[in-house]
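Morning, everyone. Let me put the model up, and then we go through the aromatics.

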Amino acid sequence: MASDHQNPASKQQQPGANTFKLAIYEQENFQGRCHELTALCNHLQEAGVEKVGSVLVHCGPWVGYEQPNCKGEQFVFEKGEYPRWDSWTNSRRSDCLGAFRPIKVDSQEHKIVLYESPSFAGKKIEIIDDDVPSFHAHGYQEKVSSVRVQCGSWVGYQYPGYRGYQYVFEKGEYKECAEFGAQLPQIQSVRRIRDLQWHQRGAFHTST
């Protein structure tokens, strides 16, 4: 695998060709009934999944949703092991998962601009190919009411240190916070979502 870093041709592989795959276990620590997903599942219960106790992501990234039809709180799952609830969230509000979908990975590069006011107005913070655990440390203490993603996929967090509610940002424009699933315009840290077929070393490691 290390030779991928030396071979420019490997960077040309199409992300659309990647196979998405995760396994859902109904009990913690990968016990109990197992269900595999390779594509969007809008309603886990209708697909026969009673409860999500642990998740093993063979190929990602994915986003899980608290409610069916991709509603409610969001949780990012990159390639790796998630043996129990607290390995994919620390918001503590709910322990339900109702839907999963793959996250689009359009580029190895990452660029995001977050704006204080709706419709891309007011003060802004621009981030290129970096993870930012605290906007305050970068001198940005404003609200985040709208977001432009020029390339890559990102996850924003309500609090510094990648804590609190998570918000997935794929390439595109989000003119107000409701468009990225937030009730309040509060984001204080952000990191890149990695496709570990491209990025051999992810920025985020789950606890084992």
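Arginine 148 sits over the face of phenylalanine 120, 4.0 Å from the ring centre. The criterion: NZ of Lys or CZ of Arg within 6 Å of the ring centre and within 35 degrees of the ring normal.

Ground rules. This is a predicted model, with pLDDT of at least 70 needed for local features and 80 or more for side-chain atom pairs, while totals for chains, interfaces and linings use all residues. Numbering runs from 1 along each chain as its sequence is written, and side-chain values use heavy atoms, leaving out hydrogens and water.

Now ring pairs. How many aromatic pairs does a search of the whole structure find? The search gives 15. Pairing means centres within 6.5 Å for rings of Phe, Tyr and Trp (its six-membered ring); planes under 30 degrees apart are stacked, over 60 edge-to-face, the rest tilted.

Take phenylalanine 77 and tyrosine 82. They pair edge-to-face, at 4.9 Å centre to centre and 65° between the planes. Phenylalanine 77 is buried, at 0% relative accessible area. Tyrosine 82 is buried too, at 2%. Buried is under 20% relative accessible area, exposed over 50%, partly exposed in between, with a 1.4 Å probe and protein chains only.

Next, tryptophan 85 and tryptophan 88. This pair is also edge-to-face: 5.2 Å between centres, 80° between planes. Both tryptophan 85 and tryptophan 88 are buried.

These four belong to one aromatic cluster, along with Phe20, Trp62, Phe75 and Phe100.

Last, the chain. It has 14 strands and zero helices. Those are DSSP runs: E of at least two residues for strands, H or I of at least four for helices, numbered from the N terminus. Of the 208 residues, 49% are buried.
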